[in-house]
Amino acid sequence: MLPKTLARKYGLREFMVKRYIEIFGVKGTKEFLDKVERGISSYVRVNTIRGREEEITYRLMEKGFDLKDTFVPHVYSIKGDFSPSSSLEYLRGEIFLQDLSSAYASFSLGVKEGERVLDMCSAPGAKTTHIAQLMRNKGEILAVDSSKTRVLSLIYNLARCGVRNCYVWIEDSRKLPSMIKSKFDRVLLDAPCTGEGVISKDRSRKLSRVEKDYSIMSSIQKELISSGLSLLKEGGILVYSTCSISPEENEEVISYALEKFQVEIIPLEFGERGLKSFMGRKYPREVTKCRRFYPHVHDTYGFFLAKLRLVKEVKT
Amino acid sequence: MTPSWFKSLKRWVENLNSEYEDEIMKFMKWCLDSEILIKKENLILLLTSRSSFLNRSVFSGIPLGEIGSRERFIPHPEISSVIGPFLKKAYSSEKGAVLFTYGRDLFIESVLGYSEMPRDEECLLICDAYGRDFGIGRYKRGERIIVNLLDRGLYLRKGY
């Protein structure tokens, strides 16, 4: 009866609550759902392409914003009387509103100046602009997204943030291996997902999904990760992330990559371990090196992250 | 042959009534001849690097504006980073700069100073006290205002 009661209380579908109980247990599920209702902290990333970090943070604090350091460089939790998105700093691209977990994904990619980077599902560009910042606008980023509407937001975010080393394609990233002959040093795949982790921001997600969506998304994600790994140089890095906590979209996709490609998982410092099993399905032990973020534990959106190294290049 | 979109851009530059109009156009022409000023779909882009990815790209570099209906050039806020060095500057108070980014005109009372005294009807780069630019406005001496022509608030107003 408990899943039904919780589903009614929080306005969710019952199958979702059952899944949460499997991941968090009953107590953890209540904490998770309470936090989702209350919402998480806001975060900003200071864009060092546009100015010096000390000066930008000083100006924000002068305007009454309270900033606190996080474990990701240049990213701060922010509190204030008005939204930072209406500040002059935002309009000049000196700051970007980006969740901590999302910034950790782009940071984990470990880009260096002068490298070739592929961002496979890049719109609206939070991670793309972060990667450009970390590359100090040097090297090249190919930012791809299949939605023309979303690409428009990407273009304006790149412009606002002063990104100069990015090329934008409107394309389905699954088709890229047949279009690009050269390989990349690093690939970011922030895969399209059910968005279960961002319910606190988008309440419509509470009821907009049905159970079979997990398997549909999982198939697409497996095709995308295959495409990304095919385009990677030997020894290259692929970071896979989703804003979902569903294991079908996360551990299952990484298990698939481990089975089909010669890859290894590189452990990351922050976040909870990946799951070993879920609803009777077992995942390889190595998958625990992946990282999960939860609203009630990390004060971020629900998020999944895996850093993979390609041991042997795929012949295309 | 000069493309028609470049003529639209030229008309927009002429309308700035800047003392440095010739320099701006010489620079733009050089960019066009060097094939770093290009049109992709409706966007006018100033390329900052070259790559084999460019052929299929819908965007790269700095967007200067777009070509609207009847071939009219509609400037993008980032054009100020390209033509800004050729414009005189008006330094505004914080409040004035904020209102300017709401699409409002700038009252002369909000201007802290100028890099050079502007002529009547001349277009200026609007900056805050730190020298950070927020857009372009036309100086109207008689009306004691700087009319908003373009500002960075567009990023919010357009919902991006």
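1. Contact between the chains. In this predicted model, 25 residues of chain B are in contact with 20 residues of chain A, two residues being in contact if their C-beta atoms, placed from the backbone, lie within 7 Å. On the side of chain B that touches chain A, the elements giving two or more residues are β3 (59–60), α4 (94–101) and α5 (154–157) of chain B. Of these, α4(B) gives the most, with three residues. Helices (H or I, at least four residues) and strands (E, at least two) are DSSP runs, numbered from the N terminus. By class, this side of chain B has eleven nonpolar, nine polar and five charged residues; Ala, Val, Leu, Ile, Met, Phe, Trp, Tyr, Cys and Pro count as nonpolar, Asp, Glu, Lys and Arg as charged, and the others, Gly among them, as polar.

2. Basis of the values. The model is predicted: local features need pLDDT of at least 70 and side-chain atom pairs count only at pLDDT 80 or more, while totals for chains, interfaces and linings use all residues. Residues are numbered from 1 along each chain as its sequence is written, and chains are lettered from A and ligands numbered from 1 in the order in which they are written.

3. Chain B overall. Five helices and eleven strands form the secondary structure of chain B.

4. Helix packing in chain A. Helices α5 (residues 100–108) and α6 (residues 126–134) of chain A pack at an angle of about 45 degrees, with their axes 9 Å apart. The pair α5(A) and α6(A) is therefore oblique, the class left once angles under 35 degrees (roughly parallel), over 145 (roughly antiparallel) and 65 to 115 (roughly perpendicular) are set aside. The contact joins Ser102(A), Ala103(A), Ala105(A) and Ser106(A) of α5(A) to Ala126(A), Lys127(A), His130(A) and Ile131(A) of α6(A). These residues divide into four nonpolar, three polar and one charged.

5. Arg309(A). Strand β15 (residues 303–310) of chain A contains Arg309(A). Because Arg309(A) has 15 C-beta neighbours inside 10 Å, Arg309(A) counts as partly exposed, the class between buried and exposed (12 or fewer). In sequence Arg309(A) and Gly235(A) are 74 residues apart, yet their C-alpha atoms are 5.9 Å apart in space.

Technical notes: Axes are lines fitted to C-alpha atoms, for helices over the stretch in contact, and angles run from 0 to 180 degrees between N-to-C directions. A residue is buried if 20 or more other C-beta atoms lie within 10 Å of its own, exposed if 12 or fewer, and partly exposed in between; C-beta atoms are placed from the backbone.
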